[in-house]
Amino acid sequence: MTVAATYAEFSAALRPEAMPAGVLHAARRSLIDWWGGAIAGSVEAPATVLREALRPAPGPARLLSDGAPADARTAALINGTAAHAVEVDDIFSPGLYHPGVSVVAAALAAAESGNAPLGELLAAVVAGYEVSNRVARAVNPAHYRWWHTTGTVGHIGAAAAAARAMRLDPGPTAHALTTAATFAAGLRHAFASDAMSKPLHAGRAAEGGLLAALGARAGLTGVPDMFEGERGFGRAMSGDVDWTAATAGLGSEWTITRMTCKPYPCCGHTFAAIDATGEIMRRGVAPESVLAIRVASYMAAVQICGGTDPVTPYEAKFSLPYTVALATLGRQVDLAAFSPAQLREPALRGMMRRITLAVDEEAEAAFPALRGAEVTVLTADGGEHRFRQTTRRGDPDFPVSDAALDAKFRMLAAPVIGAGASGTVAATLWSAEIGRAVASLPMARSAEMRGPAADTAAT
């Protein structure tokens with residue numbers, strides 16, 4: 001059996017009533033985590049730019065944050081882009097991958113278009129995560145040298161999710177997966193500036209996966225061995241991939257229960273250093289006594305987040321010196337921390353100049369399974385304060401609780417739709433019965449949210 005056929009058999013057979021309760025709960029968490037990030041990103045470029053450029057015609061799917069109707073492909077594109085715009089999306093660390101941004105966007109658009117119940121949406125999310133997480137883990141870390149996994153493997157996850165939401169049989173599902181694999185693209189050089197390409201990768205992956213599933217439903221065929229073939233996805237975009245390992249454990253080992261939920265709205269490569277610095281400062285080190293800070297982490301963290309002079313919010317989110325300076329000064333690492341006004345603050349700039357970066361051998365050896373960092377703070381009294389954070393907050397072994405995830409959702413949504421509306425949406429997503437129609441869920445500032453609950457919405 002080909003790789004695609006194996007994944008397709010698994011995905012098509014998923015039934016929400018037969019899945020473990022913990023898996024369904026993890027899928028609901030992933031949905032809520034995605035929804036908050038998508039609301040926050042829906043009022044930011046490039047999501048706003050896409051809405052202006054495309055001017056979506058009414059259709060059966062909806063856009064965040066206002067619930068405007070749109071065709072399924074446009075909804076997947078714009079909502080997927082929005083979900084990746086503010087850097088709060090979930091992570092599958094072994095795969096160097098953000099599955100939710102594309103998987104949930106495609107699954108939601110397909111589920112709304114087919115008037116599916118919530119249980120079918122959750123099953124589609126599980127299918128997308130379980131297939132694409134395994135592909136991402138199999139092709140990395142070699143793949144990540146050149147390719148943005150979220151843009152590439154995201155196509156495959158979105159196809160699996162959309163096919164499951166459409167209730168496609170294994171044959172068409174396999175065709176959707178292999179077609180999506182040849183759509184896959186997204187160069188990691190998109191990280192090089194604050195251009196809008198990076199979040200657009202996620203939206204294009206959602207749209208591409210959905211397109212592959214729509215085509216397969218109508219009879220569009222793909223090359224059966226597109227994953228393992230001589231010139232297929234694995235060899236072209238990674239190397240000698242162990243596809244047997246990449247299909248192992250389907251239905252018994254659930255990667256969706258091993259997700260990282262971001263506690264901070266910035267690049268995940270900065271988290272361990274933020275946590276380590278915070279721990280040192282909580283032990284009584286005064287910010288004014290700090291002479292120098294050495295941050296040692298794995299190579300990818302230093303390469304991607306080594307910017308010492310961020311001038312835009314995007315650059316600051318990818319700057320270890322900036323985020324560590326926030327932690328040193330006892331600042332909250334939240335959305336407000338990356339405002340243009342904060343970027344220019346003299347106290348932050350002064351602390352950043354005391355920070356140096358290095359590659360840590362222990363952290364590099366553990367990467368990508370673990371994302372660690374060691375921070376050393378030198379103080380004016382001759383003190384040397386060191387803390388090694390072997391994993392990061394939000395990872396499976398240092399998880400974010402349901403209560404903390406709920407607070408994160410409200411923090412992200414309230415500035416856009418108001419505190420009342422964000423509370424209503426959060427409560428609905430946590431408690432909605434799996435038989436409830438997805439199209440009836442409150443999108444955000446949609447018609448059903450107008451009124452007293454939306455009175456505090458930001459303008």
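Biologist: Which residues does Gln 342 touch, not counting residues up to four places away in sequence?

Modeller: Please keep in mind throughout that this is a predicted model. Gln 342 has its place in helix H16, which covers residues 340-343, and at 19% relative accessibility the residue counts as buried because the limit for that label is under 20%. Leaving aside residues up to four places away in sequence, the residues that Gln 342 touches are Tyr 322, Leu 326, Arg 331, Ala 336, Ala 337 and Leu 348.

Biologist: Is Thr 173 buried or exposed, and what is its relative accessible area?

Modeller: Thr 173 is found in helix H8, which spans residues 170-183. Not counting residues up to four places away in sequence, Thr 173 touches Ala 8, Ser 11, Ala 163 and Leu 168. The label rests on a limit of under 20% relative accessible area, and Thr 173 is therefore buried, with a value of 2%.

Biologist: What distance separates the C-alpha atoms of Ile 156 and Val 103?

Modeller: Ile 156 lies in helix H7 and, at 0% relative accessibility, counts as buried. Beyond residues up to four places away in sequence, Ile 156 touches Val 131, Val 135, Leu 177, Ala 180, Ala 181, Phe 227 and Phe 233. Val 103 is 53 residues apart from Ile 156 along the chain, and their C-alpha atoms are separated by 8.6 Å.

Biologist: In what order do the four strands of the open sheet lie?

Modeller: Strands of a sheet pair through backbone hydrogen bonds, either parallel or antiparallel. Here, strand E3 (residues 290-297) is joined to E4 by five bridges in a parallel arrangement, with Val 295 standing opposite Leu 357 in E4, whereas strand E5 (residues 373-379) and strand E6 (residues 384-389) run antiparallel and are joined by six bridges. The pairing in the open sheet is mixed, and the order is E4-E3-E5-E6.

Biologist: Which residue in the turn of the E5 and E6 hairpin has a positive phi?

Modeller: Within this strand pair, Glu 374 stands opposite Arg 388 in E6. The hairpin has four residues between its strands, and the turn residue with a positive phi, of about 90 degrees, is Gly 382.

Biologist: How much space lies in the largest cavity?

Modeller: The count comes to one cavity of 30 Å³ or more. Of the 19 residues that line the largest cavity, the closest to its centre are His 98, Tyr 144, Cys 267, Gly 268 and His 269, and the lining divides into eight nonpolar, six polar and five charged residues. The space in the largest cavity is about 170 Å³.

Definitions and conventions
Residues numbered from 1 in each chain as written. Predicted model: local features only at pLDDT ≥ 70, side-chain atom pairs only at ≥ 80, totals over all residues. Heavy atoms only, no water. Helix = DSSP H or I, 4+ residues; strand = E, 2+ residues; numbered from the N terminus. Buried < 20%, exposed > 50% of the residue type's maximum accessible area, 1.4 Å probe, protein only. Contact = heavy atoms within 4.5 Å. Pairing = 2+ DSSP bridges. 1 Å grid on protein atoms, 1.4 Å probe; cavity = no way out; pocket = protein on both sides within 12 Å on 5 of 7 lines; lining within 4 Å. Points joined across faces, edges and corners; volume = space filled by probe spheres on them. Nonpolar A, V, L, I, M, F, W, Y, C, P; charged D, E, K, R; others polar.
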